[in-house]
Amino acid sequence: MTVTMPPLAFVYDRCASRSRRQLHMRLEGCRHYAEGMGWTVAGCWVDLGEHALAVHRPQLAALLTAMRAEADHYEVLCLVHTRERLATDTTHRLLLQQRVIEAGGRAVTTVNESDQPALSALLDGRAP
């Protein structure tokens, strides 16, 4: 009998504002969603302030490093509340999703959004 391990969910968000109320609600929503899906939460990574808007995001980079370390043993997921939590700009978001794929995982949202057609185009070398 083969025992399948539940996926590991690496929760990510970003928050440029000083108010953290909505951030905490989104993170709790991600944890609750992962629990409902039967996934194990590996941790939460959050880029704050100017890092939330920058191209280089230190906490996202740390999440990808942790994800890469587990990808050989588990299905790894970058869980965000909505796809805009990665980036509001479509091209930037697709590039970040590509980094998640390169780390051995895939990006998922709590509302089952998909950038798959545009992401496939990007990975195939076509403009999204």
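Me: How many strands form the sheet, and in what order?
Reply: Two strands pair if DSSP finds at least two bridges between them, and strands (E, at least two residues) and helices (H or I, at least four) are DSSP runs numbered from the N terminus. Here 4 strands form an open sheet in the order 2-1-3-4, with parallel pairing. Strand 2 and strand 4 (105-109) are at the edges with a single partner strand each, so one side of each has no neighbour in the sheet. On average, neighbouring strands of this sheet are turned by 25° against each other, direction ignored.

Me: What kind of model is this, and how are residues numbered?
Reply: This is a predicted model, in which local features need pLDDT of at least 70 and side-chain atom pairs count only at pLDDT 80 or more, while totals for chains, interfaces and linings use all residues. Residues are numbered from 1 along each chain as its sequence is written, and side-chain values use heavy atoms, with hydrogens and water left out.

Me: Which pattern does the protein follow along the sequence?
Reply: The protein has 4 helices and 4 strands, and its pattern along the sequence is β-α-β-α-β-α-β-α.

Me: Over how many bridges do strand 1 and strand 2 pair?
Reply: Strand 1 (residues 8-15) pairs with strand 2 in the parallel sense over 8 bridges. Asp-13, for instance, has Val-46 in strand 2 as its bridge partner.

Me: Where do the side chains of strand 1 point, and are they buried or exposed?
Reply: In a regular strand the side chains alternate between the two faces of the sheet. A residue is buried under 20% relative accessible area, exposed over 50% and partly exposed in between (1.4 Å probe, protein chains only). From strand 1, Leu-8, Phe-10, Tyr-12 and Arg-14 point one way, while Ala-9, Val-11, Asp-13 and Cys-15 point the other way, and all are buried. In the protein, buried residues make up 39% of the 128 residues.

Me: Where is Ala-34 placed, and what does Ala-34 contact?
Reply: Ala-34 lies in helix 1 and is buried, because its relative accessible area is 0%. Apart from neighbours within four places in sequence, Ala-34 is in contact with Ala-9, Trp-39, Val-41 and Leu-79. Ala-34 and Leu-79 are 8.2 Å apart, C-alpha to C-alpha, and 45 residues apart in sequence.

Me: Is Gly-38 buried or partly exposed?
Reply: Gly-38 counts as partly exposed because its relative accessibility is 42%. Gly-38 is placed in the loop between helix 1 (21-37) and strand 2 (40-48).

Me: At what angle do helix 2 and helix 3 pack?
Reply: Angles under 35 degrees count as roughly parallel, over 145 as roughly antiparallel, 65 to 115 as roughly perpendicular and the rest as oblique. Helix 2 (residues 58-70) and helix 3 (residues 90-102) pack at about 25°, with axes 9 Å apart, and are therefore roughly parallel to each other. In this contact, Leu-60, Ala-61, Leu-64, Met-67 and Arg-68 of helix 2 meet Leu-96, Arg-99, Val-100 and Glu-102 of helix 3.

Notes. Axes are lines fitted to C-alpha atoms, for helices over the stretch in contact, and angles run from 0 to 180 degrees between N-to-C directions. Contact means heavy atoms within 4.5 Å.
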